[in-house]
Amino acid sequence: MERRFPRDQRQMMLGQNLVHQNWQILMIPYKTFQVYSPDLPDVNTWEQEVTRWKVKFSDIPKAKLPGTLKSSLKQAHQDFYPNIKRIFVLLLTMPVTSVCCERSFSGLSRLKTWERSTMSEERLCGLAMLHTHRDKDVSREDILLRFDRTGHRRIGKLTFD
């Protein structure tokens, strides 16, 4: 965790300790409270809420405990655990990485070379879509038929259905 995430994101990950399979790691709920307190709906009930959360699963076998953020979110009822629910929602909406965006930009730099500098924006967008969605099957026959129907050398805009 320390090598992969910047310091501020590592602190945000403390909320994962509220997932019951990670419960032994949560020695001090106060640290988690410090990180999330600006976002919590009711900071005055934090300690009671954490105690209720711990007691709720005390009689359940370890194999049946919620092991993911998504399953823990389902268990965190808004009326009884508003703070814990908010933490789970924040964690689930936090982007994991920006790899997808970076991949798109690197693909675009491979497409837009100095040899293709006169390419129109529409064609560049079409090529970028083909590059980004290269895992989708594109029928060559459909493309050739669309090209043939136009009567000129240009192919219209490609869309993925």
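# Notebook: an all-α chain, helix by helix

**Entry 1: Phe 105.** I looked up Phe 105 first, and it counts as exposed because its relative accessibility is 60%. My cut-offs: buried is under 20% relative accessible area, exposed is over 50%, and partly exposed is in between, with a 1.4 Å probe and protein chains only. Phe 105 sits in helix α6, residues 99–111.

**Entry 2: ground rules.** I am working on a predicted model, where local features need pLDDT of at least 70, side-chain atom pairs count only at pLDDT 80 or more, and totals for chains, interfaces and linings use all residues. I number residues from 1 along each chain as its sequence is written, and side-chain values use heavy atoms, with hydrogens and water left out.

**Entry 3: the whole chain.** I count 8 helices and 0 strands in the protein chain. Helices here are DSSP runs (H or I, at least four residues), strands are E runs of at least two, and both are numbered from the N terminus. Read from that end, the order is α-α-α-α-α-α-α-α. How much of the chain is buried? Of the 161 residues, 23% are. The chain exposes about 12500 Å², and 54% of that comes from carbon and sulfur atoms. That area comes from the Shrake-Rupley method with a 1.4 Å probe; for residues, only the protein chains shown count as cover. I then looked at contacts, meaning heavy atoms within 4.5 Å. Of the contacts with a separation of 6 or more, 50% join residues 24 or more positions apart.

**Entry 4: helix α3.** I went through α3 (46–56) and found Trp 46, Glu 49, Val 50 and Trp 53 buried. Why do I call this one face? Seen down the axis, the buried residues of α3 fall within an arc of 100°, so they line one face of the helix. The arc is taken over the directions from the helix axis to the C-beta atoms. On the face turned away from the buried side I found the exposed residues Glu 47 and Val 55. The buried residues of α3 pack against α2, α4 and α5.

**Entry 5: helix α2.** In α2 (residues 29–36), the buried residues are Thr 32, Phe 33, Val 35 and Tyr 36. They are on the same side of α2, because they cover an arc of only 165° around the axis.

**Entry 6: rings.** I searched the whole structure for aromatic pairs and got 5. Rings of Phe, Tyr and Trp (its six-membered ring) pair if their centres lie within 6.5 Å; planes under 30 degrees apart count as stacked, over 60 as edge-to-face and the rest as tilted. Ring pairs link Trp 53, Phe 57, Phe 80, Tyr 81 and Phe 88 into a cluster.

Entry 7: Ser 72 is in α4, and I found it buried at a relative accessible area of 1%. Its side chain reaches the backbone oxygen of Thr 68 at 2.9 Å. Leaving aside neighbours within four places in sequence, Ser 72 is in contact with Val 19, Trp 53, Pro 66 and Phe 88. Lys 74 is also in α4, residues 69–75, but counts as exposed at 66% relative accessibility. Gly 67 lies in the loop between α3 and α4 and is partly exposed at 36%. I checked Gly 67 against Val 19: 48 residues apart in sequence, 6.3 Å apart in space, C-alpha to C-alpha.

**Entry 8: Leu 90.** Buried, exposed or partly exposed? At 23% relative accessibility, Leu 90 counts as partly exposed. This residue of α5 touches Tyr 36 and Asp 39, not counting residues up to four places away in sequence. Leu 90 and Tyr 36 are 54 residues apart in sequence and 9.3 Å apart, C-alpha to C-alpha.

Terms used
A polar contact is a pair of N or O atoms within 3.5 Å; within protein, one must be able to donate a hydrogen and the other to accept it, and residues adjacent in sequence count only if both atoms are side-chain atoms.
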